Amino acid sequence: MSTPEQPAAPAAPKPTRIPPIVTLDAKFFWEGADKELFLGQKCGDCGEFRFPPRPMCPKCFSLKREEVPLSGKGKVHSWAIARHPPPFGFKEAPIIAVIELEEGTRFVSNVVGVAYDEVVQDMPVEVTFEPTMNNHKVPVFRPVKK
Amino acid sequence: MARQFTEAAIAGIGATEFSKESGRSELQLAAECAKAACDDAGISPHDIDGMITFTIDNSDEMMLARCLGVKDLAYTTRIPGGGAAAAGTIYQAMAMVNAGLCKNVLIWRAMNERSQYRFGQNPTNTTNYQSGNGTGSLLWCVPFGAMTPASWGALQAQRYMHKYGVTNRDLGLISVQQRQYAATNPKAWFYNKPITLEDHQNSKWIMEPLLRMLDCCQESDGGQAILVTSLERARDLKQKPVRILGATQSIPYNVEVISNYYHEDLTVMPEAQGVAGRLWDMVGLGPKDMQAAMIYDAFTPHVLLQLEGFGFCKPGEGKDFVKSGALAIDGILPTNTHGGLLGEAYIHGMNSMAEGVRQIRGTSVNQVKSVTNVLVSSGMAGAVLSVD
Ligand SMILES: [Zn+2]
(Lines give C-alpha, C1' and ligand atoms only; values in the text may rest on other atoms or scores of the structure.)
Protein backbone atom coordinates (compact mmCIF):
# COMPACT_ATOMS: atom_id res chain seq x y z
CA MET A 1 0.00 0.00 0.00
CA SER A 2 1.30 3.32 -0.89
CA THR A 3 0.92 6.33 1.31
CA PRO A 4 -1.16 9.14 -0.12
CA GLU A 5 1.02 11.62 -1.90
CA GLN A 6 1.54 14.98 -0.32
CA PRO A 7 0.20 17.72 -2.57
CA ALA A 8 3.24 19.26 -4.24
CA ALA A 9 3.97 22.88 -3.47
CA PRO A 10 2.74 24.95 -6.41
CA ALA A 11 5.69 25.57 -8.74
CA ALA A 12 6.72 29.21 -8.99
CA PRO A 13 5.35 30.60 -12.23
CA LYS A 14 7.95 30.66 -14.95
CA PRO A 15 9.21 34.17 -15.69
CA THR A 16 7.80 35.57 -18.91
CA ARG A 17 9.79 38.80 -19.16
CA ILE A 18 12.08 38.70 -22.18
CA PRO A 19 15.77 38.46 -21.37
CA PRO A 20 18.22 41.25 -22.12
CA ILE A 21 20.02 41.48 -25.43
CA VAL A 22 23.66 41.12 -24.39
CA THR A 23 26.44 42.81 -26.33
CA LEU A 24 30.15 42.39 -25.61
CA ASP A 25 30.51 45.92 -24.22
CA ALA A 26 27.62 45.45 -21.79
CA LYS A 27 28.24 41.82 -20.82
CA PHE A 28 29.54 42.82 -17.38
CA PHE A 29 26.32 44.66 -16.65
CA TRP A 30 23.95 41.79 -17.40
CA GLU A 31 26.19 39.20 -15.76
CA GLY A 32 26.17 41.39 -12.66
CA ALA A 33 22.39 41.70 -12.81
CA ASP A 34 22.09 37.89 -12.90
CA LYS A 35 23.84 37.95 -9.48
CA GLU A 36 21.66 40.84 -8.30
CA LEU A 37 24.46 43.34 -8.62
CA PHE A 38 23.70 46.72 -10.16
CA LEU A 39 26.93 47.72 -11.81
CA GLY A 40 28.05 50.91 -13.43
CA GLN A 41 30.96 51.63 -15.68
CA LYS A 42 33.46 54.31 -14.87
CA CYS A 43 36.70 55.42 -16.41
CA GLY A 44 39.75 53.71 -14.89
CA ASP A 45 41.76 56.90 -15.31
CA CYS A 46 39.56 59.96 -14.76
CA GLY A 47 36.68 58.33 -12.88
CA GLU A 48 33.90 59.57 -15.17
CA PHE A 49 30.70 57.45 -15.06
CA ARG A 50 29.15 56.65 -18.41
CA PHE A 51 26.00 55.07 -19.75
CA PRO A 52 25.30 53.28 -22.04
CA PRO A 53 28.53 51.30 -21.49
CA ARG A 54 31.20 51.81 -24.10
CA PRO A 55 34.85 50.85 -24.59
CA MET A 56 36.35 54.36 -24.43
CA CYS A 57 36.09 57.28 -22.02
CA PRO A 58 34.63 60.30 -23.84
CA LYS A 59 36.56 62.67 -21.55
CA CYS A 60 40.12 61.32 -21.55
CA PHE A 61 39.85 58.54 -24.20
CA SER A 62 41.20 55.94 -21.80
CA LEU A 63 40.34 52.33 -22.55
CA LYS A 64 40.72 51.42 -18.88
CA ARG A 65 37.34 50.82 -17.35
CA GLU A 66 36.10 49.85 -13.95
CA GLU A 67 32.92 48.03 -13.22
CA VAL A 68 31.76 49.32 -9.88
CA PRO A 69 28.65 48.64 -7.81
CA LEU A 70 26.26 51.57 -8.01
CA SER A 71 24.25 52.75 -5.03
CA GLY A 72 21.08 51.54 -6.71
CA LYS A 73 19.37 54.71 -5.59
CA GLY A 74 17.78 57.17 -7.94
CA LYS A 75 14.73 59.21 -8.83
CA VAL A 76 11.91 58.69 -11.32
CA HIS A 77 12.88 61.08 -14.09
CA SER A 78 10.02 60.25 -16.44
CA TRP A 79 7.44 57.48 -16.63
CA ALA A 80 4.37 56.16 -18.41
CA ILE A 81 2.30 53.03 -18.50
CA ALA A 82 2.33 50.86 -21.63
CA ARG A 83 -1.27 50.08 -22.59
CA HIS A 84 -1.24 49.17 -26.26
CA PRO A 85 0.03 46.94 -27.64
CA PRO A 86 0.39 45.08 -24.33
CA PRO A 87 4.15 44.56 -24.11
CA PHE A 88 5.17 40.98 -24.61
CA GLY A 89 5.90 39.07 -21.40
CA PHE A 90 3.94 41.19 -18.89
CA LYS A 91 0.74 40.07 -17.18
CA GLU A 92 -0.10 43.63 -16.16
CA ALA A 93 0.76 46.80 -18.02
CA PRO A 94 4.21 47.77 -16.70
CA ILE A 95 5.18 51.22 -15.48
CA ILE A 96 8.11 52.10 -17.69
CA ALA A 97 10.43 54.76 -16.36
CA VAL A 98 13.67 56.59 -16.92
CA ILE A 99 15.52 56.49 -13.61
CA GLU A 100 18.06 59.17 -12.85
CA LEU A 101 20.70 57.44 -10.76
CA GLU A 102 22.53 59.02 -7.86
CA GLU A 103 25.75 58.66 -9.87
CA GLY A 104 24.34 60.98 -12.55
CA THR A 105 23.58 58.54 -15.36
CA ARG A 106 20.10 57.48 -16.47
CA PHE A 107 18.66 54.02 -16.90
CA VAL A 108 15.40 52.80 -18.44
CA SER A 109 13.62 50.35 -16.17
CA ASN A 110 10.33 49.60 -14.45
CA VAL A 111 8.86 51.00 -11.28
CA VAL A 112 7.38 48.12 -9.29
CA GLY A 113 5.55 47.69 -6.01
CA VAL A 114 3.54 50.87 -6.38
CA ALA A 115 0.26 51.81 -8.03
CA TYR A 116 0.57 53.80 -11.21
CA ASP A 117 -1.22 56.84 -9.83
CA GLU A 118 1.11 56.95 -6.83
CA VAL A 119 4.19 57.56 -8.94
CA VAL A 120 5.29 61.18 -8.79
CA GLN A 121 7.99 63.13 -10.55
CA ASP A 122 11.43 62.65 -8.98
CA MET A 123 10.11 60.04 -6.54
CA PRO A 124 13.06 58.34 -4.76
CA VAL A 125 13.46 54.71 -5.75
CA GLU A 126 15.93 51.89 -5.15
CA VAL A 127 17.00 48.92 -7.19
CA THR A 128 15.63 45.41 -6.89
CA PHE A 129 15.70 42.54 -9.38
CA GLU A 130 13.15 40.59 -11.37
CA PRO A 131 13.65 37.32 -13.22
CA THR A 132 13.39 36.93 -16.98
CA MET A 133 13.10 33.95 -19.29
CA ASN A 134 16.29 31.87 -19.65
CA ASN A 135 17.27 32.39 -15.99
CA HIS A 136 18.42 35.99 -16.23
CA LYS A 137 17.59 38.92 -13.99
CA VAL A 138 17.10 42.61 -14.71
CA PRO A 139 17.27 45.61 -12.39
CA VAL A 140 13.94 47.29 -11.63
CA PHE A 141 13.12 49.98 -9.09
CA ARG A 142 10.76 50.24 -6.12
CA PRO A 143 9.87 53.22 -3.95
CA VAL A 144 12.29 53.84 -1.08
CA LYS A 145 10.55 52.88 2.14
CA LYS A 146 9.92 55.82 4.39
CA MET B 1 37.29 68.40 -64.86
CA ALA B 2 37.61 71.04 -62.19
CA ARG B 3 35.00 70.85 -59.45
CA GLN B 4 33.26 73.95 -58.23
CA PHE B 5 30.52 74.77 -55.75
CA THR B 6 27.23 74.02 -57.45
CA GLU B 7 23.85 75.10 -56.10
CA ALA B 8 21.41 72.25 -55.57
CA ALA B 9 17.71 72.00 -56.31
CA ILE B 10 14.91 69.46 -56.21
CA ALA B 11 13.73 68.73 -59.72
CA GLY B 12 11.39 65.81 -59.20
CA ILE B 13 9.19 64.06 -56.68
CA GLY B 14 7.42 60.75 -57.11
CA ALA B 15 5.43 58.39 -54.95
CA THR B 16 3.40 55.23 -55.09
CA GLU B 17 -0.07 55.17 -53.60
CA PHE B 18 -0.05 55.11 -49.80
CA SER B 19 -1.86 52.05 -48.46
CA LYS B 20 -2.00 49.40 -45.75
CA GLU B 21 -1.18 46.58 -48.16
CA SER B 22 0.76 47.38 -51.30
CA GLY B 23 0.65 43.80 -52.59
CA ARG B 24 4.13 44.06 -54.10
CA SER B 25 7.77 44.01 -53.01
CA GLU B 26 9.51 46.91 -51.33
CA LEU B 27 11.98 46.90 -54.22
CA GLN B 28 9.10 47.37 -56.63
CA LEU B 29 7.76 50.26 -54.54
CA ALA B 30 11.24 51.80 -54.65
CA ALA B 31 11.51 51.36 -58.42
CA GLU B 32 8.04 52.78 -59.04
CA CYS B 33 8.53 55.91 -56.94
CA ALA B 34 12.04 56.46 -58.33
CA LYS B 35 10.75 56.25 -61.91
CA ALA B 36 7.91 58.63 -61.01
CA ALA B 37 10.38 61.17 -59.56
CA CYS B 38 12.51 61.01 -62.75
CA ASP B 39 9.40 61.39 -64.93
CA ASP B 40 8.30 64.35 -62.83
CA ALA B 41 11.70 65.98 -63.39
CA GLY B 42 11.98 64.92 -67.01
CA ILE B 43 15.24 63.03 -66.73
CA SER B 44 16.03 59.45 -67.69
CA PRO B 45 16.59 57.07 -64.76
CA HIS B 46 19.66 55.91 -66.72
CA ASP B 47 21.33 59.20 -65.79
CA ILE B 48 21.01 58.86 -62.01
CA ASP B 49 24.55 58.97 -60.61
CA GLY B 50 23.91 59.13 -56.85
CA MET B 51 21.59 57.05 -54.66
CA ILE B 52 20.82 57.69 -50.98
CA THR B 53 18.36 56.02 -48.64
CA PHE B 54 17.93 55.15 -44.95
CA THR B 55 20.09 52.50 -43.27
CA ILE B 56 16.82 50.85 -42.24
CA ASP B 57 15.45 50.64 -45.83
CA ASN B 58 15.29 47.10 -47.18
CA SER B 59 15.61 47.85 -50.89
CA ASP B 60 19.07 47.08 -52.19
CA GLU B 61 20.70 49.91 -54.11
CA MET B 62 22.32 47.60 -56.66
CA MET B 63 19.01 45.94 -57.44
CA LEU B 64 17.24 49.27 -57.58
CA ALA B 65 19.96 50.60 -59.90
CA ARG B 66 19.43 47.50 -62.05
CA CYS B 67 15.67 48.15 -62.16
CA LEU B 68 16.30 51.69 -63.29
CA GLY B 69 19.09 50.84 -65.75
CA VAL B 70 21.45 53.24 -63.98
CA LYS B 71 24.53 53.45 -66.22
CA ASP B 72 27.20 54.59 -63.78
CA LEU B 73 26.55 55.10 -60.10
CA ALA B 74 29.12 57.57 -58.73
CA TYR B 75 27.89 57.64 -55.13
CA THR B 76 25.81 55.66 -52.65
CA THR B 77 25.27 56.10 -48.95
CA ARG B 78 22.71 55.43 -46.26
CA ILE B 79 21.65 57.64 -43.36
CA PRO B 80 21.16 56.24 -39.85
CA GLY B 81 18.63 57.31 -37.26
CA GLY B 82 15.31 55.87 -38.44
CA GLY B 83 13.05 58.67 -39.63
CA ALA B 84 15.68 61.27 -38.75
CA ALA B 85 17.18 60.28 -42.09
CA ALA B 86 14.33 61.92 -44.03
CA ALA B 87 15.83 65.41 -44.19
CA GLY B 88 19.26 63.77 -43.85
CA THR B 89 18.94 62.37 -47.37
CA ILE B 90 18.24 65.87 -48.72
CA TYR B 91 21.27 67.16 -46.83
CA GLN B 92 23.53 64.48 -48.32
CA ALA B 93 22.15 64.90 -51.82
CA MET B 94 22.65 68.67 -51.59
CA ALA B 95 26.24 68.17 -50.43
CA MET B 96 27.07 65.83 -53.31
CA VAL B 97 25.66 68.29 -55.85
CA ASN B 98 27.29 71.25 -54.08
CA ALA B 99 30.63 69.47 -54.25
CA GLY B 100 30.24 68.82 -57.94
CA LEU B 101 30.45 65.06 -57.39
CA CYS B 102 26.99 64.08 -58.62
CA LYS B 103 24.57 65.40 -61.21
CA ASN B 104 21.36 63.49 -60.50
CA VAL B 105 20.92 62.16 -56.98
CA LEU B 106 17.98 59.88 -56.22
CA ILE B 107 16.83 59.76 -52.60
CA TRP B 108 14.09 57.36 -51.56
CA ARG B 109 12.28 55.41 -48.87
CA ALA B 110 10.09 52.43 -49.69
CA MET B 111 8.44 50.11 -47.23
CA ASN B 112 5.68 47.64 -46.53
CA GLU B 113 5.60 48.84 -42.96
CA ARG B 114 1.97 47.81 -42.44
CA SER B 115 1.56 44.62 -44.45
CA GLN B 116 4.99 43.03 -43.97
CA TYR B 117 6.11 44.19 -40.51
CA ARG B 118 4.79 46.75 -38.07
CA PHE B 119 6.83 49.28 -36.11
CA GLY B 120 3.87 49.75 -33.76
CA GLN B 121 3.79 46.13 -32.56
CA ASN B 122 6.01 44.16 -30.20
CA PRO B 123 9.24 43.19 -31.93
CA THR B 124 9.49 39.76 -33.46
CA ASN B 125 13.15 40.05 -34.29
CA THR B 126 15.50 41.76 -31.86
CA THR B 127 18.39 41.80 -34.35
CA ASN B 128 16.79 45.06 -35.52
CA TYR B 129 18.29 46.61 -32.39
CA GLN B 130 21.86 46.03 -33.48
CA SER B 131 23.92 49.10 -34.25
CA GLY B 132 23.90 50.28 -37.83
CA ASN B 133 20.15 50.55 -37.90
CA GLY B 134 20.84 53.69 -35.98
CA THR B 135 17.76 53.70 -33.84
CA GLY B 136 19.48 54.19 -30.54
CA SER B 137 19.99 52.13 -27.42
CA LEU B 138 16.83 50.11 -27.79
CA LEU B 139 18.44 47.05 -26.30
CA TRP B 140 18.32 48.93 -22.99
CA CYS B 141 14.54 49.34 -23.29
CA VAL B 142 13.10 46.05 -24.48
CA PRO B 143 13.39 43.91 -21.29
CA PHE B 144 11.32 46.54 -19.48
CA GLY B 145 8.37 46.40 -21.84
CA ALA B 146 9.39 49.50 -23.78
CA MET B 147 9.09 47.72 -27.10
CA THR B 148 7.52 50.18 -29.51
CA PRO B 149 8.42 53.61 -30.88
CA ALA B 150 5.43 55.03 -28.99
CA SER B 151 6.82 53.76 -25.68
CA TRP B 152 10.26 55.19 -26.37
CA GLY B 153 8.82 58.48 -27.61
CA ALA B 154 6.48 58.84 -24.63
CA LEU B 155 9.28 58.40 -22.09
CA GLN B 156 11.19 61.09 -23.93
CA ALA B 157 8.23 63.50 -23.90
CA GLN B 158 6.92 62.98 -20.36
CA ARG B 159 9.26 65.32 -18.52
CA TYR B 160 8.69 68.07 -21.08
CA MET B 161 4.92 67.69 -20.76
CA HIS B 162 5.15 67.65 -16.97
CA LYS B 163 7.35 70.73 -16.78
CA TYR B 164 5.09 72.85 -18.97
CA GLY B 165 1.74 71.33 -18.02
CA VAL B 166 1.09 69.99 -21.51
CA THR B 167 -1.94 67.70 -21.42
CA ASN B 168 -2.98 65.01 -23.83
CA ARG B 169 -5.87 67.28 -24.81
CA ASP B 170 -3.33 69.93 -25.86
CA LEU B 171 -1.69 67.35 -28.11
CA GLY B 172 -5.07 66.55 -29.60
CA LEU B 173 -5.18 69.95 -31.30
CA ILE B 174 -2.18 68.96 -33.44
CA SER B 175 -3.85 65.73 -34.43
CA VAL B 176 -7.15 67.45 -35.27
CA GLN B 177 -5.38 70.07 -37.41
CA GLN B 178 -3.40 67.50 -39.36
CA ARG B 179 -6.43 65.30 -39.96
CA GLN B 180 -8.19 68.38 -41.31
CA TYR B 181 -5.40 68.77 -43.86
CA ALA B 182 -5.53 65.04 -44.67
CA ALA B 183 -9.28 65.25 -45.16
CA THR B 184 -8.79 67.40 -48.27
CA ASN B 185 -5.76 65.47 -49.61
CA PRO B 186 -6.85 62.68 -51.98
CA LYS B 187 -3.47 60.91 -51.53
CA ALA B 188 -3.95 60.73 -47.76
CA TRP B 189 -5.11 57.49 -46.14
CA PHE B 190 -7.45 59.63 -44.03
CA TYR B 191 -8.86 61.55 -47.02
CA ASN B 192 -12.37 62.74 -46.18
CA LYS B 193 -11.97 61.58 -42.58
CA PRO B 194 -11.51 64.60 -40.32
CA ILE B 195 -11.64 64.12 -36.55
CA THR B 196 -12.81 66.21 -33.62
CA LEU B 197 -10.99 66.81 -30.36
CA GLU B 198 -13.53 64.48 -28.74
CA ASP B 199 -12.63 61.72 -31.22
CA HIS B 200 -9.03 62.24 -30.17
CA GLN B 201 -9.89 62.11 -26.48
CA ASN B 202 -11.93 58.95 -27.02
CA SER B 203 -9.15 57.09 -28.81
CA LYS B 204 -7.45 54.43 -26.73
CA TRP B 205 -4.39 54.95 -24.63
CA ILE B 206 -1.14 53.79 -26.18
CA MET B 207 1.07 55.19 -23.40
CA GLU B 208 -1.03 56.50 -20.52
CA PRO B 209 -1.30 59.42 -19.74
CA LEU B 210 0.70 60.83 -22.62
CA LEU B 211 -0.15 59.30 -25.98
CA ARG B 212 -3.44 58.11 -27.39
CA MET B 213 -3.90 56.23 -30.64
CA LEU B 214 -4.58 59.50 -32.47
CA ASP B 215 -1.28 60.97 -31.25
CA CYS B 216 0.61 58.33 -33.19
CA CYS B 217 1.54 58.23 -36.84
CA GLN B 218 0.06 55.59 -39.08
CA GLU B 219 1.66 52.38 -40.22
CA SER B 220 1.83 52.47 -44.00
CA ASP B 221 2.97 50.78 -47.18
CA GLY B 222 4.39 52.95 -49.93
CA GLY B 223 7.38 54.61 -51.50
CA GLN B 224 8.50 58.21 -51.92
CA ALA B 225 11.42 59.41 -54.02
CA ILE B 226 12.98 62.82 -54.69
CA LEU B 227 15.42 63.76 -57.44
CA VAL B 228 18.10 66.31 -56.57
CA THR B 229 20.19 68.03 -59.22
CA SER B 230 21.92 71.36 -59.80
CA LEU B 231 19.83 74.52 -59.76
CA GLU B 232 21.11 75.29 -63.23
CA ARG B 233 20.03 71.96 -64.69
CA ALA B 234 16.72 72.09 -62.80
CA ARG B 235 15.91 75.33 -64.61
CA ASP B 236 15.95 73.44 -67.91
CA LEU B 237 13.80 70.56 -66.66
CA LYS B 238 10.03 70.08 -66.51
CA GLN B 239 9.17 71.54 -63.12
CA LYS B 240 9.73 74.84 -61.43
CA PRO B 241 13.02 74.33 -59.53
CA VAL B 242 12.89 74.08 -55.75
CA ARG B 243 16.14 75.42 -54.34
CA ILE B 244 17.76 73.66 -51.44
CA LEU B 245 18.84 76.87 -49.80
CA GLY B 246 20.53 75.02 -46.96
CA ALA B 247 20.42 71.74 -45.12
CA THR B 248 22.21 70.24 -42.15
CA GLN B 249 22.22 67.58 -39.47
CA SER B 250 22.97 67.74 -35.76
CA ILE B 251 23.60 64.95 -33.30
CA PRO B 252 24.79 66.61 -30.08
CA TYR B 253 26.73 64.58 -27.50
CA ASN B 254 24.72 61.84 -25.82
CA VAL B 255 21.71 62.43 -28.08
CA GLU B 256 20.23 59.53 -29.95
CA VAL B 257 17.11 58.85 -31.93
CA ILE B 258 13.96 58.03 -29.96
CA SER B 259 15.54 56.25 -26.94
CA ASN B 260 16.87 59.71 -26.24
CA TYR B 261 17.18 59.81 -22.46
CA TYR B 262 20.85 60.42 -21.85
CA HIS B 263 21.46 64.07 -22.71
CA GLU B 264 21.25 66.74 -20.04
CA ASP B 265 17.77 68.25 -20.32
CA LEU B 266 14.90 66.06 -21.52
CA THR B 267 12.57 69.06 -21.76
CA VAL B 268 14.31 70.25 -24.92
CA MET B 269 15.30 68.61 -28.19
CA PRO B 270 19.02 69.41 -28.51
CA GLU B 271 19.22 67.87 -31.99
CA ALA B 272 16.54 70.25 -33.32
CA GLN B 273 18.24 73.18 -31.57
CA GLY B 274 21.53 72.12 -33.18
CA VAL B 275 19.99 71.83 -36.64
CA ALA B 276 18.25 75.18 -36.20
CA GLY B 277 21.41 76.99 -35.14
CA ARG B 278 23.40 75.76 -38.09
CA LEU B 279 20.58 75.98 -40.62
CA TRP B 280 19.43 79.54 -39.83
CA ASP B 281 23.07 80.58 -39.93
CA MET B 282 23.66 78.86 -43.26
CA VAL B 283 20.67 80.39 -45.05
CA GLY B 284 20.72 83.78 -43.35
CA LEU B 285 17.06 83.44 -42.45
CA GLY B 286 15.07 82.68 -39.31
CA PRO B 287 11.75 81.24 -38.16
CA LYS B 288 9.85 84.38 -39.20
CA ASP B 289 10.99 83.91 -42.81
CA MET B 290 9.26 80.52 -43.17
CA GLN B 291 5.76 80.51 -44.64
CA ALA B 292 5.18 76.82 -43.90
CA ALA B 293 6.86 73.89 -42.18
CA MET B 294 6.89 70.12 -42.51
CA ILE B 295 7.80 68.71 -39.12
CA TYR B 296 8.38 65.04 -38.35
CA ASP B 297 5.28 63.94 -36.49
CA ALA B 298 5.73 60.32 -35.49
CA PHE B 299 4.12 61.42 -32.21
CA THR B 300 2.43 64.73 -31.44
CA PRO B 301 4.70 65.89 -28.54
CA HIS B 302 7.68 65.86 -30.86
CA VAL B 303 6.02 68.47 -33.06
CA LEU B 304 5.97 70.81 -30.04
CA LEU B 305 9.60 70.06 -29.20
CA GLN B 306 10.66 70.83 -32.78
CA LEU B 307 8.59 74.03 -32.99
CA GLU B 308 10.43 75.19 -29.88
CA GLY B 309 13.80 73.85 -31.01
CA PHE B 310 13.61 75.78 -34.28
CA GLY B 311 12.58 78.94 -32.45
CA PHE B 312 9.03 79.31 -33.80
CA CYS B 313 8.08 79.84 -30.18
CA LYS B 314 9.83 79.87 -26.81
CA PRO B 315 10.46 76.74 -24.72
CA GLY B 316 7.18 75.61 -23.19
CA GLU B 317 5.07 77.81 -25.48
CA GLY B 318 4.48 75.14 -28.12
CA LYS B 319 1.04 74.19 -26.81
CA ASP B 320 -0.14 77.82 -26.81
CA PHE B 321 1.34 78.34 -30.27
CA VAL B 322 -0.76 75.42 -31.49
CA LYS B 323 -3.82 76.63 -29.58
CA SER B 324 -3.54 80.01 -31.31
CA GLY B 325 -4.18 78.29 -34.63
CA ALA B 326 -0.61 78.79 -35.85
CA LEU B 327 -0.50 75.47 -37.69
CA ALA B 328 -3.69 76.09 -39.70
CA ILE B 329 -3.70 77.12 -43.36
CA ASP B 330 -4.26 80.78 -42.38
CA GLY B 331 -2.02 80.58 -39.31
CA ILE B 332 1.49 81.94 -38.71
CA LEU B 333 3.07 78.63 -39.68
CA PRO B 334 0.90 76.21 -41.66
CA THR B 335 2.43 72.86 -40.72
CA ASN B 336 2.22 69.38 -42.24
CA THR B 337 -0.27 70.58 -44.81
CA HIS B 338 -0.53 67.12 -46.42
CA GLY B 339 -1.79 65.71 -43.13
CA GLY B 340 1.63 64.62 -41.94
CA LEU B 341 2.59 61.13 -40.91
CA LEU B 342 -0.57 61.03 -38.81
CA GLY B 343 -2.91 61.93 -41.63
CA GLU B 344 -1.36 61.22 -45.03
CA ALA B 345 0.90 58.21 -44.50
CA TYR B 346 4.00 57.11 -42.66
CA ILE B 347 6.64 56.89 -45.34
CA HIS B 348 9.20 57.56 -42.64
CA GLY B 349 9.08 61.33 -43.17
CA MET B 350 9.93 61.32 -46.89
CA ASN B 351 6.35 62.13 -47.87
CA SER B 352 6.61 65.26 -45.70
CA MET B 353 9.75 66.31 -47.60
CA ALA B 354 7.72 65.99 -50.81
CA GLU B 355 4.98 68.21 -49.41
CA GLY B 356 7.62 70.87 -48.73
CA VAL B 357 8.47 70.70 -52.43
CA ARG B 358 4.82 71.06 -53.45
CA GLN B 359 4.38 74.12 -51.23
CA ILE B 360 7.33 75.81 -52.98
CA ARG B 361 6.03 74.81 -56.42
CA GLY B 362 2.55 76.05 -55.47
CA THR B 363 0.95 72.68 -56.17
CA SER B 364 -0.17 71.45 -52.73
CA VAL B 365 -3.81 70.49 -52.36
CA ASN B 366 -3.68 72.69 -49.27
CA GLN B 367 -1.61 75.44 -50.81
CA VAL B 368 -0.39 78.22 -48.54
CA LYS B 369 -0.51 81.71 -50.08
CA SER B 370 2.73 83.42 -51.17
CA VAL B 371 5.26 80.78 -50.15
CA THR B 372 8.93 81.66 -50.51
CA ASN B 373 10.60 79.42 -47.89
CA VAL B 374 9.60 76.17 -46.23
CA LEU B 375 11.35 74.41 -43.35
CA VAL B 376 11.44 70.62 -43.59
CA SER B 377 12.56 68.91 -40.39
CA SER B 378 13.10 65.35 -39.31
CA GLY B 379 14.44 66.33 -35.90
CA MET B 380 18.12 65.49 -36.37
CA ALA B 381 18.23 67.01 -39.83
CA GLY B 382 16.50 69.85 -41.59
CA ALA B 383 16.48 71.87 -44.78
CA VAL B 384 15.14 75.15 -46.08
CA LEU B 385 13.48 74.81 -49.47
CA SER B 386 12.97 78.02 -51.46
CA VAL B 387 11.60 79.41 -54.67
CA ASP B 388 14.12 80.08 -57.43
ZN1 LIG C 1 38.43 59.13 -18.54
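**Exercise 1.** State what share of the residues of chain A counts as buried.

*Solution.* Buried means under 20% relative accessible area, with exposed over 50% and partly exposed in between (1.4 Å probe, protein chains only). By this criterion, 45% of the 146 residues of chain A are buried. The structure is a predicted model, in which local features need pLDDT of at least 70 and side-chain atom pairs count only at pLDDT 80 or more, while totals for chains, interfaces and linings use all residues. Residues are numbered from 1 along each chain as its sequence is written, chains are lettered from A and ligands numbered from 1 in the order in which they are written, and side-chain values use heavy atoms, leaving out hydrogens and water.

**Exercise 2.** Determine how the rings of A:Phe29 and A:Phe38 are arranged.

*Solution.* Rings of Phe, Tyr and Trp (its six-membered ring) pair if their centres lie within 6.5 Å; planes under 30 degrees apart count as stacked, over 60 as edge-to-face and the rest as tilted. Over all chains, the whole structure holds 21 aromatic pairs. For A:Phe29 and A:Phe38 the centres are 5.9 Å apart and the planes stand at 75°, so this pair is edge-to-face. Both A:Phe29 and A:Phe38 are buried.

**Exercise 3.** Describe the pair formed by A:Phe38 and A:Phe141 and locate both residues.

*Solution.* This pair is also edge-to-face, with 5.7 Å from centre to centre and 80° between the planes. A:Phe38 lies in the loop between helix H1 (27-34) and strand E1 (39-43) of chain A, whereas A:Phe141 belongs to strand E8 (residues 137-143), 103 residues apart. Helices (H or I, at least four residues) and strands (E, at least two) are DSSP runs, numbered from the N terminus. The relative accessible area of A:Phe38 is 6%, and that of A:Phe141 is 0%.
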